[in-house]
Amino acid sequence: MDIYSIFNGGNVKPQTYEKKILRQYLIQTGRIHRFQLKTNTGTRIKEIRTTQEFDRYVQTRNMFSELFINLDMEEREWYCCEFILGNDAWISKDENGVYRYFSKTRFGSTIGLNIFDVIEILFCGDQETGNVFQNARNKLEKILGLEGLRDEWKIQQWEKYQNNLEYVRGGRGELAQEYPEVSQFIQKYRPILEYFNTHNEEGLFRAFSYQGEHVFFTSTTHIKEKLGISQSTVTRSINMLTLIGMLVKIPHHKLPRQLLEISNQILEYRKNRGYRGGKRITFYRVPKYDKETLESAEEIVKKLQAAGVWGSLISKEKVTKLFGEAKAKEVFLSDYIVKEADVAAAEDGSDMQSDDYFLSDDDYDYIPF
């Protein structure tokens, strides 16, 4: 095996291929046995509680020296490389403050490994499945005695929903005091607001995120059955809550790739069951009910009252007249109608819009999962 083949690109940022070659080289040469862990490695970091805290900690310290007997190296001092025979090596921070182990060939090319790269190379073999970075993080957490760390993003999203539920359920007295119109207005929408804000931390997945916030899809049919109200009431309520800013619809054309794929799978599901056409499902985001959100909602509710449309059926025309076209487009998303023959195109990520074949939320809203 020519280990130097990974340096063809000059200064190498290691990807999966390079790390696999390095691991094979270490195994075949027996050099992998040089990497022995020190004892009592986790005694100083018991205060870490989240994966994000963990990532920041281990990447901004010289963990190579703290963990491995043979990598007990002073920062910015030159040594013989422990990974590749004949190379020089040193440990230093990069421009982002991340510590890396650098290995340099005799012809000047280098490779820089962060601590997760090193753990992956040494401990994550071909039998490992799933996300390679997550596997390396899990191994390092175990080495340091920090298994079971919580995801900071999940905590933040869960706390947002708990904050919102306090307002919705009347646990925050300042809502009625500071935002009296909103407080009164949302009473009849309480069951739906509770529905949209009820997410257990275990059910929050990073794959379902948009601009750093948790998003999800649901159907008006499911909400109707869950809450025991009419589907038309559900649709009108969602539109009204979107208008006042307590619910956000994600435009179809802005869906991240992974969410678009889910939408495509549902379109395919519908096509396979003989539906004539299909409308893309809607993904939702719930903002944090804070001063900014509630002040804006208060102003919108006051404007609705002044216009005499308190609690009445809103339409795109009414919203456009009162709040402008941009706001109307946020409430009433463009409908992406995909006929049976066009589902394949949708699976390629292209959205097909048809003006002559319209399906309302009430007409066509079955979601299979």
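## Helix and sheet packing

In H1, Lys19, Leu22, Arg23 and Leu26 meet Asp117, Glu120, Ile121, Leu122 and Phe123 of H4. Sorted by class, this contact of H1 with H4 has five nonpolar and four charged residues, and no polar ones. The model is predicted.

Helix H1 covers residues 16-29 and helix H4 residues 115-123; they pack with their axes 8 Å apart, at an angle of about 50°. H1 is therefore oblique to H4, since angles under 35 degrees count as roughly parallel and those from 65 to 115 as roughly perpendicular. The crossing in which H1 passes H4 is right-handed.

The model also has an open sheet of four strands, in the order S1-S2-S3-S4, with antiparallel pairing. Strands S1 and S4 are the edge strands, and each of them pairs on one side only. In general, the strands of a sheet pair through backbone hydrogen bonds, either parallel or antiparallel.

| Strand | Residues |
|---|---|
| S1 | 79-80 |
| S2 | 88-93 |
| S3 | 99-104 |
| S4 | 110-113 |

Between S2 and S3, the antiparallel pairing runs over six bridges. Lysine 93 stands opposite tyrosine 99, which lies in S3. H4 packs on the sheet, where it touches S3 and S4, and the direction of H4 makes about 95° with that of S4.

Methods:
Residues numbered from 1 in each chain as written. Predicted model: local features only at pLDDT ≥ 70, side-chain atom pairs only at ≥ 80, totals over all residues. Heavy atoms only, no water. Axes fitted to C-alpha atoms, helices over the stretch in contact; angles between N-to-C directions. Helix = DSSP H or I, 4+ residues; strand = E, 2+ residues; numbered from the N terminus. Parallel < 35°, antiparallel > 145°, perpendicular 65-115°, else oblique. Left-handed = near helix turned anticlockwise from the far one by under 90°. Contact = heavy atoms within 4.5 Å. Nonpolar A, V, L, I, M, F, W, Y, C, P; charged D, E, K, R; others polar. Pairing = 2+ DSSP bridges.
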